[in-house]
Amino acid sequence: MGDDPMMQWTTLVSAEELAAALGRPDLIVIDTRTSLTDRAASEQAYRDAHIPGARYADLDRDLSDHRKRGGGRHPWPDAADFTARLGEWGITPQHQVVAYDSADGALAAARLWFLLRVLGHRHVAVLDGGWQRWTALGLPTDAQVPVPQPTHYQADYDHRRLLDAQDVRALLDSGGLLIDARAGERFRGEVEPLDRVAGHVPGARNRAFAGNLADGRFKSREALAQEFAPLLDGREPSEVAAMCGSGVTACHHLLAMAHAGFDGAALYTGSWSGWIEDPQRPVATGAE
């Protein structure tokens with residue numbers, strides 16, 4: 001599979017490139033469109049129309065494990081459960097996977113991208129511009145729900161890239177960088193629409209994930225590199241972690257950083273909603 005390296009994508013893929021690749025035997029597309037306010041509508045939208053051949057992944061059902069307690073609002077799934085889902089979708093480690101979302105931020109798609117990357121799956125990318133750009137260009141869609149051939153996907157996470165609250169404290173104590181992807185007003189504690197406590201992890205730095213985008217698409221590699229380099233301030237990606245409200249939008253930063261050449265940063269899986277589950281943990285408000 002994938003003898004031509006020009007046809008393998010590891011961060012982002014354009015709608016034009018993906019359209020040209022439809023029908024490739026090693027390609028599997030995953031629709032991750034998710035409405036946090038109406039989950040049923042998201043899957044119905046998939047059933048009404050999607051990129052031909054796409055499977056559907058639900059953020060709560062497939063990309064999180066709500067049986068867990070203490071992991072924030074979108075608890076990270078165990079590797080055994082997630083790889084079983086990959087097998088149900090017919091995905092093997094050799095497949096080129098492309099995920100897309102409805103929003104230009106590609107939030108659930110970035111979460112799926114990072115889930116696969118920490119399993120060691122290299123050939124996975126996010127559709128730049130998502131469903132909106134695909135349909136705006138008049139590219140093919142259909143309503144046929146595929147019936148995948150089940151397979152077996154065996155892998156485990158690189159746990160060095162999945163941090164808990166104790167790991168985050170150790171990272172900050174060692175001079176590492178924790179980037180909070182939430183909007184500035186949430187980071188500063190001025191508003192908090194989702195969690196019971198407002199503010200941020202002391203020592204975290206704020207860069208809203210929307211800063212990775214321009215006109216509904218990711219900024220260029222060069223632009224992202226110029227913006228992230230001063231933030232990293234000489235640190236290796238292994239000394240950096242991203243967080244957000246629940247471990248979803250933080251993956252947008254991890255994707256953007258990888259696209260810019262800073263691959264290897266970690267995710268604080270519980271993020272803010274996990275941090276505040278222990279009332280003994282300190283909370284900061286205001287600017288950095």
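1. Two strands count as paired here if DSSP finds at least two bridges between them. In this predicted model, strand 4 (residues 96-100) and strand 5 (residues 124-127) are joined by three bridges and run in the parallel sense. Across that pairing, Ala-99 has Val-126 of strand 5 as its bridge partner.

2. The two strands belong to an open sheet of five strands, ordered 1-5-4-2-3 with parallel pairing. Its edges are strand 1 (12-13) and strand 3 (55-56), each of which pairs on one side only.

3. Helix 4 (residues 107-118) packs on this sheet. The helix touches strand 2 (27-31), strand 4 and strand 5, and its direction makes about 175° with that of strand 5.

4. Sorted by class, the lining of the largest pocket holds 14 nonpolar, six polar and four charged residues.

5. The second largest pocket has a volume of about 290 Å³. Of its 19 lining residues, those closest to the centre are Gly-71, Trp-76, Leu-163, Asp-164 and Thr-269. By class, this second lining divides into eight nonpolar, six polar and five charged residues.

Technical notes
Residues numbered from 1 in each chain as written. Predicted model: local features only at pLDDT ≥ 70, side-chain atom pairs only at ≥ 80, totals over all residues. Heavy atoms only, no water. Nonpolar A, V, L, I, M, F, W, Y, C, P; charged D, E, K, R; others polar. 1 Å grid on protein atoms, 1.4 Å probe; cavity = no way out; pocket = protein on both sides within 12 Å on 5 of 7 lines; lining within 4 Å. Points joined across faces, edges and corners; volume = space filled by probe spheres on them. Helix = DSSP H or I, 4+ residues; strand = E, 2+ residues; numbered from the N terminus. Contact = heavy atoms within 4.5 Å. Axes fitted to C-alpha atoms, helices over the stretch in contact; angles between N-to-C directions.
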